[in-house]
Amino acid sequence: MSVTVEKRVDGPGATDHADEAWELKECIRRTENVLKQRKRFFMDAYRRSTTHLLYLGDDLVGFATTRRDGYILFLAVAPEHRDEGFGRRLIAEVAEDHRTVTCHARATNEGALSFYESIGFEIKRRIDGYYEDDGDAYYLRLGSNERLRDRLSELIRR
C-alpha cells in the first residue's frame, strides 16, 4: 500500500491549517529546543504569509511559511519524516514562486544548517543576538544557480 503525499496551501489571510502547523512546530520545539516563537507571533505571521503544507494521509508531515519576498519564516518537518525529501520539496515549492529564497537559521542548529547548505543555500552573514532569547543566527540565501532551481523544481513534479 502506498500513501500519496498531498500538498495544501494556505494563502495570505487563510488559516485553515494553522493550528496543525502550530502543533507540529510545538512538538519540534519541545523535543529539539528550536522554533521558539510565541503563538501570537506565529499565528500573525502565518496569516500574513503563504504556507505550503505536505500531508501523508491525514497527518501533517511538514510546512514552509513564506513572505511575499521569498523569505522563509518557518520550515518544519516532523522528526519521524526527516531525510525523506519533504524539506527539499517544501523549499522547491517556495523556489518555484520566488526569484530569491532566504531565511535565518539558529547558529547552533547544525541539522538545519547542514540541510540548507546541502540544497544550495549560502551563509551570507552571522547576526549576533538575533533571536528573542539572544541566540545568534545565520542569514542564508538560496544560490542563484539556475540548474539548482531546475533540480528543486523537479522535486515538485514528482
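This is a predicted model: local features need pLDDT of at least 70, side-chain atom pairs count only at pLDDT 80 or more; totals for chains, interfaces and linings use all residues.
Helices and strands here are DSSP runs, numbered from the N terminus, and two strands count as paired if DSSP finds at least two bridges between them.

The hairpin is made of E3 and E4, with four residues between the strands, and in it Gly 70 adopts a positive phi near 90 degrees. Strand E3 covers residues 59-66 and runs antiparallel to E4, the two being joined by five bridges.

Now turn to E5, residues 102-106, which pairs with E4 in the parallel sense over two bridges. Here Tyr 71 has Thr 102 as its bridge partner. To get from E4 to E5 the chain passes through helix H3 (residues 86-97), giving a right-handed β-α-β crossover.

Stepping back, these strands belong to an open sheet of seven, in the order E1-E2-E3-E4-E5-E7-E6, with mixed pairing. Strands E1 (5-10) and E6 (121-127) stand at its edges; each has a single partner strand, so one side of each lacks a neighbour in the sheet. On average, neighbouring strands are turned by 30 degrees against each other, direction ignored. Helix H2 (residues 39-48) packs on this sheet and touches E1, E2 (50-56), E3 and E4, its direction making about 115 degrees with that of E4.

Finally, what about burial in E4 itself? Of the seven residues in this strand (residues 71-77), six are buried, so E4 is largely enclosed by the rest of the structure.

Technical notes. Residues are numbered from 1 along each chain as its sequence is written. Side-chain values use heavy atoms; hydrogens and water are left out. Buried means under 20% relative accessible area, exposed over 50%, partly exposed in between (1.4 Å probe, protein chains only). A crossover is right-handed if, with the strands pointing away from the viewer, the path from the first strand over the helix to the second runs clockwise. Axes are lines fitted to C-alpha atoms, for helices over the stretch in contact, and angles run from 0 to 180 degrees between N-to-C directions. Contact means heavy atoms within 4.5 Å.
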